[in-house]
Amino acid sequence: MDNELHIFDRGQVMLIDKPLEWTSFDVVRKLRRLVKTKKVGHAGTLDPLATGLLIVCTGKFTKRINEYMAKEKEYTGTVMLGAVTPTYDLESAPVPVGDYGGLTLPEIREVIGAKFLGGIMQVPPIHSAIKVDGQRVYELARKGREVKLEARPVVISLFEITEFRLPELSFRVVCSTGTYIRSLANDLGAALGCGGYLSSLRRTRIGEFRVEDALTIEGAETHIKELFERQNG
């Protein structure tokens, strides 16, 4: 029976390097048209202003989405100190908060080691896709509704500063599923006393899957065409 289905109905896992300003669902919608099946889903949302690894499953492999979502994640990016934004990233305008000029790299590393490594409790951003009473909290936030989200346990296995050039910090983070890097940037800024927001983000790994092995959208189009030709050849 499976042999009667086309290759994407039977199931494929595709690694996509999500472009900047695309939503994760933009990628799913695009691939859904290309693979000619409605059964397409991704294993973990990336915000529009983030790039990097998105695992997309088709057909019968969509049953594996939860398995992939549970895997450890790795990110690289930048935090801008001295200001905050309502969304914790550049989807909203920065508001200046405090002076960062006296901070040193050893001081920042000490704060990270004390407060942002291992098992921590993290409050998700109000501007996120979490549902409260059946509604996405970002929709409630846009309407001016006050929403209180509870802190959730997450695990930060690694949080290193890879480049120090105030007011910008480049970082690499390895973390559990459910971690919001936007919240990590905001909380680090608060702990440093000067404010901070996420100015760029790239997901580089999900479990054993790496962004180096991912396809661009254009590359995925070519790959899908080749698979169909091979099946029908």
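Predicted model: local features only at pLDDT ≥ 70, side-chain atom pairs only at ≥ 80, totals over all residues.

Colleague: Fine. Which residues does a cis peptide bond join?

Modeller: The cis bond joins L166 and P167, with omega at about 5°. P167 sits in the loop between β10 (152–165) and β11 (168–175). Most peptide bonds are trans, and most residues other than glycine have a negative phi.

Colleague: On phi, then: what is the value at E21?

Modeller: E21 is not a glycine, yet its phi is positive, about 75°. You will find E21 in the loop between β1 (12–18) and α2 (24–35).

Colleague: And what about Y88, what is its phi?

Modeller: Y88 has a positive phi of about 70°, and it is not a glycine either. Its place is the loop between β5 (83–84) and β6 (95–96).

Colleague: Is Y88 buried or exposed?

Modeller: Y88 has a relative accessible area of 18%, so it counts as buried, the limit being under 20%. E21 has 60%, so it counts as exposed, which takes over 50%.

Colleague: New topic. How many cavities of 30 Å³ or more are there?

Modeller: The count is one. The largest cavity holds about 70 Å³ of space.

Colleague: Which residues line it?

Modeller: The lining of the largest cavity includes D47, D89, R182 and L198. Strand β12 (residues 196–206) gives the largest share, four residues.

Colleague: And how does the lining split by class?

Modeller: The lining of the largest cavity has five nonpolar, two polar and three charged residues.

Terms used:
Residues numbered from 1 in each chain as written. Heavy atoms only, no water. Helix = DSSP H or I, 4+ residues; strand = E, 2+ residues; numbered from the N terminus. Buried < 20%, exposed > 50% of the residue type's maximum accessible area, 1.4 Å probe, protein only. 1 Å grid on protein atoms, 1.4 Å probe; cavity = no way out; pocket = protein on both sides within 12 Å on 5 of 7 lines; lining within 4 Å. Points joined across faces, edges and corners; volume = space filled by probe spheres on them. Nonpolar A, V, L, I, M, F, W, Y, C, P; charged D, E, K, R; others polar.
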